[in-house]
Amino acid sequence: MAALRRWAAYLGFLRTSARTLFSSRKPAVRAAGRWRAVASFAVGGGGLCAVPFRQVDELSRDSLIRRAASLVTDSSSTFLSQTTLALTDAITDYSKAVHTLIALQKRYLASLGKLTAAEEDSVWLLIIGQRAEVNDRQEEFKRFESTWVSAVKLCETVAEAAYVSGADHASVTIRMNVQVARSLVEEAQKLSLDADKKLADTKVMEVERMAQYAASSGSSHDEEEIPDAYLRED
């Protein structure tokens with residue numbers, strides 16, 4: 001009987017302690033806002049203990065998403081900057097190669113009928129080699145251009161995702177980077193377009209000059225001396 005009375009008293013103590021623990025809101029606990037007390041009842045141990053654990057911040061997931069969005073925008077911006085640099089350099093190299101070819105063609109046309117056979121062969125061999133260089137440079141910048149376009153599309157997608165996730169600053173930054181990249185590429189493309197136009201004008205001048213030379217030579221033999229490799233289209 002004594003044991004039963006002690007057990008009943010013990011259960012009553014546990015109930016009272018539990019109600020007191022969960023119904024009370026101490027200022028210190030409310031002020032901290034980061035810890036809760038969980039009642040752990042050790043019946044066999046004959047006691048009551050409170051085990052604290054860290055409360056999960058409701059905004060932490062949003063914060064992690066915004067941080068991840070910022071990391072993605074940073075890496076995407078790096079990808080864009082590298083492809084932009086590669087493309088602008090490739091376009092510049094192509095433009096230089098075209099201008100070199102134009103100079104060689106003009107030199108050859110100006111020297112028609114004035115060079116020895118050996119000198120003429122040397123000049124047109126340089127022209128053929130430079131034409132191959134122009135083709136190689138053009139293929140290179142077209143390849144980088146394709147990668148750059150993909151980088152721009154990626155950055156635009158990332159900017160939208162960053163905006164939706166609440167990373168407004170990261171979204172604005174990467175959009176500005178895209179604008180700068182486009183501006184740089186447009187300036188470089190102006191150089192290549194100008195070089196292509198000058199090359200086309202040179203080809204027109206070439207046709208006219210070759211026709212004049214053929215007419216003045218007055219014989220098919222002289223016309224055959226113009227290397228076929230030079231006359232072929234690129």
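Threonine 147 lies in helix H4. Helices here are DSSP runs of H or I with at least four residues, strands are runs of E with at least two, and both are numbered from the N terminus. This is a predicted model, in which local features need pLDDT of at least 70, side-chain atom pairs count only at pLDDT 80 or more, and totals for chains, interfaces and linings use all residues. Residues are numbered from 1 along each chain as its sequence is written, and side-chain values use heavy atoms, with hydrogens and water left out.

Stay with threonine 147 for a moment. Its relative accessible area is 32%, so threonine 147 counts as partly exposed. That class sits between buried (under 20% relative accessible area) and exposed (over 50%), with a 1.4 Å probe and protein chains only. Setting aside neighbours within four places in sequence, threonine 147 is in contact with Phe79 and Thr83. Contact means heavy atoms within 4.5 Å. Leucine 87 is 60 residues away along the chain, yet the two C-alpha atoms are separated by 8.7 Å.

Now move to helix H5, the place of serine 192. Serine 192 counts as buried, because its relative accessibility is 6%. Beyond the neighbours within four places in sequence, serine 192 is in contact with Ile91, Tyr94 and Ser95.

Next comes the core. The largest nonpolar core has 34 residues. Such a core is a set of buried Ala, Val, Leu, Ile, Met, Phe, Trp, Tyr and Cys residues joined through side-chain atoms within 4.5 Å. Leu80, Val98, Tyr108 and Trp148 have the most contacts inside it. Helix H3 (60-110), helix H4 (117-165) and helix H5 (168-217) each supply at least two residues of this core. In soluble globular proteins, nonpolar side chains tend to be buried together.

Step back to the whole chain. The protein has seven helices and two strands. From the N terminus on, the order is α-α-β-β-α-α-α-α-α. Of the 234 residues, 26% are buried. Among contacts between residues at least 6 apart in sequence, 71% join residues at least 24 apart.

How far can the model be read? The average pLDDT, the predictor's confidence in each residue from 0 to 100, is 76 for the protein, and 67% of the residues score at least 70. Over residues 6-11, pLDDT stays under 50, and the model has five contacts beyond four places in sequence there. Residues 13-56 also stay under 50, with 40 such contacts. Where pLDDT is low, the predicted coordinates should not be read in detail.
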